[in-house]
Structures are given as structure tokens and as C-alpha cells.
Amino acid sequence: MAQNEIQSAHWGHGQATLFTAHAWIDGVQNESIVLISDYLSHGKKSVYVYMTYIMKLLKEKYPNMKMLNIFSGGASSQFKQRYLFSNLHTWELQHGIRVCWNFFATSHGKGVVDGLGGTVKRSVWRYVRSGHVNITTPCEYAEVARERNPNMHISFIPVKAIEEKSKELDKFWEGVLAVPKTHQLHCIRTHGPKRLMVGETSNAAVSGCSNLR
């Protein structure tokens, strides 16, 4: 089996990245979402595509959803930066919801979403190790992950889906202004199409507004 081969036997295999989310709807319903992709960069473009997919999924499943409170880490390459901030109004228009994005404090620790990724990787690894399947592509990985974790929503997002949005996003983000003291902020929500309301804690009163463009 592939897992018993020498190291060089693995060089030709495709790599995959996981983007995980856990949704808690009205304190009753739970949705575990894992997106698997062969686009290996965890940056602003992939985050836009992944979050757009997740919001569309939730809105279709829960059409009465009006507000989405998001909690994430504060990695500047993915979340805590002006480009993501400028996406909020677009998502609100696309899905007919209000979006509030909250950031955990630095070194806050592991959470549910980390557990989802670990569960998926472990389940696939065990299945491969047992000799049931041989996985060589990210798409195959997603198929096995979906089969082994029926209680999760697992989808494959091809690199093409992100690359097709690349030019459109680059144009949209032209001229987006930096938000002062971004690293100190822990709550972001929109105030019209080109302005943000920001807070230094997730449940704080709004401390000011920043222009996005």
C-alpha cells in the first residue's frame, strides 16, 4: 500500500488544504462544515470563496437567517485585514443578511473548528492505513472524507473556482484603505457600503468608524 512506500513515492501525489467552520443556529441546530481544496494558499482570495460558499449553504438551508455572527482567529493573512473587511457589505447584499465578524484574542487556544479538521484527517488516515483505499488526489481525499464523516458537510472546492475569481477580486480591492489600529480590533461590522463600525471587544459599543475606500 502507498503508506508503506519509500518517501519518493509520495512526491507525485496532490496536496490538499482544509477550511473548517462550525455553525450554531439559534442555539439549537449545529452544522459542521469542512471545505477541501487543491488551492494551497490560505489567503484573502481563498477565504472569500470559502466564506461565500458557506454563507450560501447556510442561507439555502436556513432561509429565515437574518444575522450571522462570525468568530475567527486574527491571522492577518486570512481574516484580520482590510480586504476581508471590504467583503462584509458584498456578502450582506449577496445573501440578504447582516454580518458581524469577531476576532479571538491572540493565542486564545484551540476550538471546535480545529477539532473538525483533526477528525477528518484522522478518519481518512485510518481508512487508508487499513488498506481500504488508495488516495492520490485532493478530490479523492474529499470523497473519502465525505464517506467517512456523514454527519459533516464536506465539499471539494477546486483551484479553478478560486482562480476564476482572482481578477474580479483584484479589481474590487483596488483602492481599499487600511483600517487604523487593525491589530487592536475585535469586532467589525458594516456602516453602509464603504464604512465600518469597529470595536475593541466583541460586545463593546462601537468605538468609531473607518473608511474602506
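I started with Lys61 and Glu31, whose side chains meet in a salt bridge at 2.8 Å, N to O. For this term I take a side-chain nitrogen of Lys or Arg within 4 Å of a carboxyl oxygen of Asp or Glu. Lys61 sits in helix H1 (residues 44-61) and Glu31 in strand E2 (residues 29-37), so the pair ties together parts 30 residues apart in sequence. Helices (H or I, at least four residues) and strands (E, at least two) are DSSP runs, numbered from the N terminus.

A note on the source: this is a predicted model, where local features need pLDDT of at least 70 and side-chain atom pairs count only at pLDDT 80 or more, while totals for chains, interfaces and linings use all residues. Residues are numbered from 1 along each chain as its sequence is written, and side-chain values use heavy atoms, with hydrogens and water left out.

Next I asked: is Glu31 buried or exposed? Glu31 is buried, at a relative accessible area of 12%; buried means under 20%, exposed over 50%, partly exposed in between (1.4 Å probe, protein chains only).

I then looked up Glu60 and Lys56, a salt bridge with its closest N and O atoms 2.7 Å apart. The two are four residues apart in helix H1, so about one helical turn separates them. Glu60 is exposed at 54%, and Lys56 is partly exposed at 46%.

Over in helix H5 (residues 159-172), Lys165 and Glu168 are three residues apart and form a salt bridge at 2.9 Å.

Last, I checked the totals: the structure holds six salt bridges, and the chain has five helices and eight strands.
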